[in-house]
Amino acid sequence: MDIKDIQNLIKFVSKAEVSEVKYKTKDFEITIKTPLGGNEVSYMQHSPVYHSGPQQQMPAQQAQSAAPAAPTAAEEQIADESKLITIKSPMIGTFYRKPSPDKDVFVNVGDEVSVGKVVCVIEAMKLFNQIESEVSGKIVKILVDDTTPVEYDQPLFLVDPS
C-alpha cells in the first residue's frame, strides 16, 4: 500500500463518519481513527501486532462496593432529580459552553431557559452546531465540562421545569 492509497483510505473513512477502521495484511497494518473517536489519524507500517492481557478495573469496582450506603443525601438528590428534564446531545462532537473563546457562556446554573434558547455549541466535522433548549425552566446542573467530547444522546444539562 503506497501513500496515495493511504490518503484515499483516510478520505473514505472520514466521509463514512466512522470513528475507527483497521486494515491488516501479512506485512502491513493501518489503523485510522477519526475525530469522532477523539483521536488524530494515525497509521503504522510493517510492525508486529501485540496483544495485551485483560485490563484490571479493580479501583472503580472497589470504590463502588466499599462505599457505605448513605441513603439520606443521595436518595434525596435522586428524588429531586426525578422531576428534572435532561437536555441531551443530538450528535457526536465537542461540547462548547461559549460561542467563541472571547465571548460569555450561553447559560450558567440558575439561568432561566425557554424553548429555542441556545444553550451550547457542539462542533462536529469542523461545523459548529448551536443546540437549542427543547424545554423551559431553570438550569440546575451542567453535566459536561467545556471543550470535552460528547456522545450522541449524552446528557448535557438538567433543567427544572417548575
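**Figure 1. Met 125 in the loop between β7 and β8.** In this predicted model, Met 125 is partly exposed, with a relative accessible area of 40%. The residue belongs to the loop that lies between β7 and β8.

**Figure 2. Asp 153 in the loop between β10 and β11****.** The phi angle of Asp 153 is near 70°, again a positive value in a residue other than glycine. Asp 153 counts as partly exposed because its relative accessibility is 40%, and partly exposed covers the range between the limits of 20% for buried and 50% for exposed.

**Figure 3. The open sheet β8-β7-β5-β10****.** Four strands, in the order β8-β7-β5-β10, make up an open sheet with antiparallel pairing. Its edges are formed by β8 (127–132) and β10 (148–150), each of which pairs on one side only. From one strand to the next, the twist averages 40°. Strand β5 (residues 93–96) is joined to β10 by 3 bridges in the antiparallel sense. Within this pairing, Gly 93 has Val 150 of β10 as its bridge partner.

**Figure 4. Strand β11 and its pairing with β4 and β9****.** Strand β11 spans residues 155–160 and is mostly covered, with 5 of its 6 residues buried. Strand β4 (residues 85–88) runs antiparallel to β11, and 4 bridges join the two. Here Ile 87 has Phe 157 of β11 as its bridge partner. Strand β9 (residues 137–142) also pairs with β11 in the antiparallel sense, over 4 bridges. Lys 138 stands opposite Asp 160 of β11.

**Figure 5. The largest nonpolar core****.** This core contains 16 residues, and those with the most contacts inside it are Phe 95, Val 119, Cys 120, Ile 139, Leu 156 and Phe 157. At least two residues of the core come from each of β7 (118–124), β9 and β11. Another core, of 6 residues, lies apart from it and includes Ile 6, Val 13, Phe 28 and Ile 32.

**Figure 6. The surroundings of Val 119****.** When neighbours within four places in sequence are left aside, Val 119 is in contact with Ile 87, Phe 106, Val 107, Val 113, Ile 131, Ser 133 and Phe 157. Two of these contact residues, Ile 87 and Phe 157, are themselves bridge partners.

**Figure 7. The aromatic pair of Phe 95 and Phe 157****.** The model holds 2 aromatic pairs. In the pair shown, Phe 95 and Phe 157 are tilted, with 5.9 Å from centre to centre and 55° between the planes.

**Figure 8. The aromatic pair of Tyr 96 and Phe 128****.** This pair is likewise tilted, at 6.1 Å centre to centre and 45° between the planes. Tyr 96 in strand β5 and Phe 128 in strand β8 are 32 residues apart, and their pair links distant parts of the chain. Tyr 96 is partly exposed, its relative accessible area being 23%. Phe 128 counts as exposed because its relative accessibility is 55%, which is over the 50% limit.

Methods:
Residues are numbered from 1 along each chain as its sequence is written. This is a predicted model: local features need pLDDT of at least 70, side-chain atom pairs count only at pLDDT 80 or more; totals for chains, interfaces and linings use all residues. Side-chain values use heavy atoms; hydrogens and water are left out. Buried means under 20% relative accessible area, exposed over 50%, partly exposed in between (1.4 Å probe, protein chains only). Two strands pair if DSSP finds at least two bridges between them. Axes are lines fitted to C-alpha atoms, for helices over the stretch in contact, and angles run from 0 to 180 degrees between N-to-C directions. A nonpolar core is a set of buried Ala, Val, Leu, Ile, Met, Phe, Trp, Tyr and Cys residues joined through side-chain atoms within 4.5 Å. Contact means heavy atoms within 4.5 Å. Rings of Phe, Tyr and Trp (its six-membered ring) pair if their centres lie within 6.5 Å; planes under 30 degrees apart count as stacked, over 60 as edge-to-face and the rest as tilted.
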